[in-house]
Amino acid sequence: MSSDQQLKQVVVVGAGVAGMRAAETLRVAGYDGALTIVSAERHAPYHRPPLSKKLLTGQVQRAGIDLAPHIDLDARVLRGASAVGLDMSSRTVLVRDDDREQELGFDGLVIASGAAPREWPGGPVPDGVFLLRTVDDCLTIRQRLQARPRVVVVGGGFIGAEVAASCRSLGLDVALIELTAGPLLGALGEEMADRYAALHRQHGVDVRVNVGVDTFIGEGHVRAVRLTDGNELPADLVLIGLGVDPATGWLDGSGLRIDDGVVCDATGAVEGGTRVVAAGDLARWWHPLYEKHLRVEHWEHAARQGAAAACTLLAGPGHGDTYDEVPYFWSDQYDVKLQMLGVPDDYDAMQVIEGDLDAWKFVAAYGRDGRTIAVVSTIPGRVHAYRSAIADRAAFPPEAAA
């Protein structure tokens with residue numbers, strides 16, 4: 001990068017793992033200009049995965065989830081501050097901190113503002129109905145769990161399924177309500193959704209599928225949930241897990257391309273802006289392996305993409321490296337650790353290639369058009385042996401890895 005193109009002011013919006021890895025990577029790679037991090041939360045950055053698992057159950061305490069920086073970032077950090085606007089002509093981010101607004105100038109911008117949980121669409125809810133996204137949410141719910149409430153979880157995605165498992169591990173009465181044919185259906189497909197429904201039932205969860213929630217019953221505090229099939233379930237605490245939406249409202253009118261997230265090229269450079277990159281839950285970037293834009297809401301991906309986006313920013317327009325990592329995620333429920341490598345979207349075949357599905361010790365592959373597109377396993381670490389099969393578009397089913 002020539003001297004007249006040298007970055008001197010970088011703003012990172014978002015202090016989750018994507019934003020923090022981007023900031024660290026900038027410094028490690030030699031960026032010595034001004035660095036400002038805008039954090040919507042007042043807490044120091046922390047790991048989110050334990051919120052639905054070990055922090056919720058008390059197996060780890062608050063300090064145990066802090067995202068300790070690997071280096072001194074020498075950054076100005078605005079805590080409890082939200083980005084509310086972006087003006088690309090003046091290259092400024094408008095930030096609201098309490099009732100005060102300020103403009104942050106930049107010549108490089110990392111957008112990593114994450115995603116926000118979907119609110120209950122039926123309007124106001126009684127006390128005892130919660131969303132889980134922040135550490136404060138988690139600690140509030142954990143406090144309520146001490147009273148041994150009857151728990152209803154609405155939504156069988158990863159957050160909902162993990163919270164249901166965590167609450168059962170505490171010996172609580174738990175019901176899990178899922179509008180589709182089974183938990184994790186969208187992420188893992190029909191075969192695995194059936195297995196997970198059975199797993200939760202084996203552990204004592206009242207799993208209701210193909211049914212939604214009509215209303216919450218209770219004056220002031222929730223006491224029951226009425227389902228769309230007319231049944232009522234007693235409830236003292238309800239967790240809403242209806243998925244998340246990318247936090248892109250502050251980018252309205254910016255000229256950046258927004259379509260179910262911030263649309264990026266294969267390097268993480270944002271379409272519609274110069275020297276602007278995005279990473280994490282809100283980044284929809286072109287993946288050359290899957291030949292489409294993907295938006296991935298998982299921790300490991302956010303960390304890797306944050307680092308890659310920072311490198312793209314430093315490389316300068318048109319010079320970033322393609323980010324083509326095969327997406328990876330995991331989920332812990334009961335004593336089962338599920339690991340997924342790849343994206344099983346639109347798969348047309350699934351086959352167990354190692355072990356036994358019924359025994360929960362297996363490796364299964366997903367295929368599309370005769371090629372391997374994803375591998376899922378409950379044998380710790382085993383999916384990584386199939387990374388090359390996915391990256392190389394190996395014939396389906398893939399040969400057993402060594």
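## Contact between domain 2 and domain 3

The centres of domain 2 and domain 3, taken over C-alpha atoms, are separated by 28 Å. Nine residues from domain 2 and eleven residues from domain 3 take part in the contact. The model is a predicted one. In the domain assignment, domain 2 covers 119–242 and domain 3 covers 335–392, while domain 1 is made up of two segments, 9–116 and 245–315.

The size of an interface is often given as the accessible area lost when the parts come together. Between domain 2 and domain 3 about 980 Å² is buried, and 63% of this lies on carbon and sulfur atoms. On the side of domain 2, L188, M192 and R195 account for 49% of the area buried against domain 3, more than any other three residues.

Polar interactions also cross this interface. The rule finds four residue pairs in polar contact, both residues being at pLDDT 80 or more. The helices α5 (185–188) and α6 (190–202) each contribute at least two residues to the side of domain 2 that touches domain 3. The most comes from α6, with six residues. Sorted by class, this side of domain 2 holds five nonpolar, one polar and three charged residues.

Side chains of opposite charge can pair when their charged atoms come close. Across the interface of domain 2 and domain 3 the rule finds one salt bridge. R195, one of the three residues named above for buried area, forms a salt bridge with D358. A search of the whole structure finds 25 salt bridges. Two of the pairs are set out below.

| Salt bridge | N to O distance |
|---|---|
| D358 and R195 | 3.3 Å |
| D98 and R42 | 2.7 Å |

In the pair D98 and R42, the side chains meet at 2.7 Å, N to O.

For the protein as a whole, the secondary structure amounts to eight helices and 26 strands. The C-alpha trace spans about 65 × 55 × 35 Å along its principal axes. The radius of gyration is 22 Å, which agrees with the value near 21 Å that a compact globule of 402 residues would have.

Note on methods
Residues are numbered from 1 along each chain as its sequence is written. This is a predicted model: local features need pLDDT of at least 70, side-chain atom pairs count only at pLDDT 80 or more; totals for chains, interfaces and linings use all residues. Side-chain values use heavy atoms; hydrogens and water are left out. Domain bounds come from an automatic or database domain assignment. Contact means heavy atoms within 4.5 Å. Buried area is the accessible area (1.4 Å probe) that two parts lose on being put together, summed over both. A salt bridge is a side-chain nitrogen of Lys or Arg within 4 Å of a carboxyl oxygen of Asp or Glu. A polar contact is a pair of N or O atoms within 3.5 Å; within protein, one must be able to donate a hydrogen and the other to accept it, and residues adjacent in sequence count only if both atoms are side-chain atoms. Helices (H or I, at least four residues) and strands (E, at least two) are DSSP runs, numbered from the N terminus. Ala, Val, Leu, Ile, Met, Phe, Trp, Tyr, Cys and Pro count as nonpolar, Asp, Glu, Lys and Arg as charged, and the others, Gly among them, as polar. The radius of gyration is taken over C-alpha atoms; the globule rule is 2.2 Å times the number of residues to the power 0.38.
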